Amino acid sequence: MAVERGFRVEQSPEAPPVELLEEARAAGRVPDVLIGGRLVGDGPLEDLELVDVTPGELAQLCEGRRLPRWVAAKNPLSGGFVRTKALMRSSELVTVCEEAACPNIGQCWSRGTATFMIAGSRCTRGCRFCNVTTARPLGPPDPDEPRRVAEAAAAMGLRFVVVTAVARDDLPDGGAAHFADVIAALRERLPDCGVEVLIPDLRGSWDALDAIIEAAPDVLNHNTETVPRLYSRVRPGARYERTLELLARSAAAGLTTKSGIMVGLGETLPEVRSVLADLAAVGCGPVTVGQYLRPSAAHLPVARYYAPAEYPAIAAAGRDLGLAHVEAGPLVRSSYEADRVAGEALAGV
């Protein structure tokens, strides 16, 4: 039986009227709502998995004109933020924090953490959710970049480094050798530092994947991003089955293997559960789940904002399906608090 999400809310002056609820439900901004004992929606009630939302949260979701407060990130320009930005510019390094317009940039940079993006800032893919520039890359990866990444990580005093890259379909190995070089430079400069890599799918070149696996990162991450039904719309050029095979090969090689998905693109709850089951089946340990936020009017629109209470239910479902750790929340991203997430996955928290 396909169980869908439903909201349960107390009737109060803050709650939107039934007419507004019906309008918001018809527009896809909220699922079925049980309010004060009355079901607004098609039900049936026994087929709904209900989560409790507050009247204020429900009112924000019904408005549909602005970001709900729980996804309006605050980015304080602290001394740590300024120092991190200065270091990145002086080292001629790129971060995915900036290129992907991550909502956590203020929090992370203020703590002196960042995700390095190697192999340039131009991506050969045109994923419709991503803020990274799609264009022909400007030549091969810089051979001095691994050293600069390692030196910047040392200057920041990092104990756990996350490295990602644009898709480089113009290169025979998709940039795998460059990933391996960065891992090697980090190992040499910071032998006690943990290393996580967030890699593209390498167009399914398993020889290229082996080059990264042999470099022995502590965590290999590759994002699933969305449910299979939405792949052609969200990730043109990617294949769901290819993503699962990449993750399976990483897990079979003994690496802590991680993935992540976005919600709010039009997926259903059964589809999310099916993806979590697939990720568990191929050997993923940690998985991240976060709200899709539209970077610009040129990107895919948000189909629905998830209420805060929905994320613990998604995380619990993932754990029930066999995943070691599911980090789920409105502003969770692939490398969000990556050191803690990896540690909790290994501990089975």
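Let's start with a pair of helices: H6 (residues 145-155) and H7 (residues 176-189) pack at an angle of about 40°, and their axes are 8 Å apart. That angle makes H6 oblique to H7. Keep in mind that you're looking at a predicted model.

**How H6 meets H7**

- In general, the angle between the axes and the distance between the axes are what you quote for two packed helices.
- The crossing of H6 and H7 is right-handed.
- On the H6 side, the contact is made by Glu145, Pro146, Arg147, Val149, Ala150, Glu151, Ala153 and Ala154.
- H7 brings His178, Asp181, Val182, Ala185, Leu186 and Arg189 to that contact.
- Sort the residues of this contact by type and you get eight nonpolar, five charged and one polar.

**More about H6**

- Which residues of H6 are buried? They are Glu145, Pro146, Arg148, Val149, Ala150, Ala152 and Ala153.
- After H6 comes Gly157, which has a positive phi, near 70°.

**Thr226, in a loop**

- You'll find Thr226 in the loop that runs between strand S11 (219-221) and helix H9 (231-234).
- Is Thr226 buried or exposed? Its relative accessible area is 2%, and under 20% counts as buried, so Thr226 is buried.
- Setting aside residues up to four places away in sequence, Thr226 touches Tyr231, Val234, Tyr240, Ile261, Leu265 and Val275.

**Glu271, in a helix**

- Glu271 has its place in helix H11, which covers residues 269-281.
- With a relative accessible area of 18%, Glu271 is buried too, because the cut-off is under 20%.
- What does Glu271 contact, apart from its neighbours within four places in sequence? Val227 and Arg229 are its partners.

**The whole protein**

- Across the protein there are 13 helices and 14 strands.
- Of the 349 residues, 53% are buried.
- Take the contacts between residues at least 6 apart in sequence: 73% of them join residues at least 24 apart.
- The protein exposes about 15000 Å², and 52% of that is supplied by carbon and sulfur atoms.

Definitions and conventions
Residues are numbered from 1 along each chain as its sequence is written. This is a predicted model: local features need pLDDT of at least 70, side-chain atom pairs count only at pLDDT 80 or more; totals for chains, interfaces and linings use all residues. Side-chain values use heavy atoms; hydrogens and water are left out. Axes are lines fitted to C-alpha atoms, for helices over the stretch in contact, and angles run from 0 to 180 degrees between N-to-C directions. Helices (H or I, at least four residues) and strands (E, at least two) are DSSP runs, numbered from the N terminus. Angles under 35 degrees count as roughly parallel, over 145 as roughly antiparallel, 65 to 115 as roughly perpendicular and the rest as oblique. A crossing is left-handed if the near helix is turned anticlockwise from the far one by less than a right angle, and right-handed if clockwise. Contact means heavy atoms within 4.5 Å. Ala, Val, Leu, Ile, Met, Phe, Trp, Tyr, Cys and Pro count as nonpolar, Asp, Glu, Lys and Arg as charged, and the others, Gly among them, as polar. Buried means under 20% relative accessible area, exposed over 50%, partly exposed in between (1.4 Å probe, protein chains only). Accessible areas come from the Shrake-Rupley method with a 1.4 Å probe; for residues, only the protein chains shown count as cover.
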